[in-house]
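Hello,

Here is the structure I promised to pass on to you. Please open it and keep it in view while you read my notes below.

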Amino acid sequence: ISSFLSKRPNLLVSTRSTGGSIAFKAKNSRALRNWPCPGQAMWRLAAVACVLTLCSVTLPCDAAFGHMKPAEHFSDEVAKHFLKSSKMSYAKRVAAKKGRPLMVLLTKKGCGACQNLKQSVNRGAELAPLLSQLVVVHAENDAATEWQQPGNAYAPQTYFFAPGEDEPLPILGTSESSPHYFHDETTLVWGAKKAIEVVATGERMNKKGERTDL
């Protein structure tokens, strides 16, 4: 298709993301009329039909989340790993008993960024297999308040704790102003793997012996 369109620039007005696809769209009917083809009417009609067919082909891509139905909930495959209670004292007891890292997901209903996170995780395939190595809490709305660190009132947020420890591990997202903002599956997978790694190795410090972001 790319080769076809490169030789006929007038046939391509734009490529845009629509519902998970890239749509190729003809520029205008005049471009179709001016496209060289045999003189016979039947051949001309056949050529136009062929062009329209090619221009309507859609190719899969990662569409902007806004083009898809918002994800209000995590999938069953993910949610089955959540503790029955999001209470901090309960979650930390379970993590200490099992000797596993604790991952805490904080979201709010109606939050667009939270919906994007859920959608990314639900569509992904990397995070779910890691959850059996963690103790996982999902706290939403008011239930999320007790987990939030001072000065961090945004959503979504993710915290990681070593079993038996009260302070979260210094595993942070990509935003300096919102350090606990993990916005998609990729960043969550990185954080989960790092939590599993540091708990397994006991590493908390840099080479200078200072506690630092991991």
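What pattern does the protein chain follow when read along the sequence? The answer is α-β-β-α-α-β-α-α-β-α-β-β-α. Please keep in mind that this is a predicted model. In total, the secondary structure comprises seven helices and six strands.

Now for the chain as a whole. The protein chain has 214 residues, and 37% of them are buried. Its accessible surface is about 12400 Å², with 53% of that belonging to carbon and sulfur atoms. I also looked at contacts between residues at least 6 apart in sequence: 69% of these join residues at least 24 apart.

Find helix H5, which covers residues 88-98. Which of its residues are buried? Ala 91, Lys 92, Val 94 and Ala 95 are.

What do the buried residues of H5 pack against? Their partners are three strands you can pick out in the viewer: S4 (102-107), S5 (135-140) and S6 (157-161).

Finally, take a look at what comes after the helix. H5 is followed by Gly 99, and the phi of Gly 99 is positive, near 70 degrees.

Enjoy looking around, and write back with any questions.

Best wishes

Notes
Residues are numbered from 1 along each chain as its sequence is written. This is a predicted model: local features need pLDDT of at least 70, side-chain atom pairs count only at pLDDT 80 or more; totals for chains, interfaces and linings use all residues. Side-chain values use heavy atoms; hydrogens and water are left out. Helices (H or I, at least four residues) and strands (E, at least two) are DSSP runs, numbered from the N terminus. Buried means under 20% relative accessible area, exposed over 50%, partly exposed in between (1.4 Å probe, protein chains only). Contact means heavy atoms within 4.5 Å. Accessible areas come from the Shrake-Rupley method with a 1.4 Å probe; for residues, only the protein chains shown count as cover.
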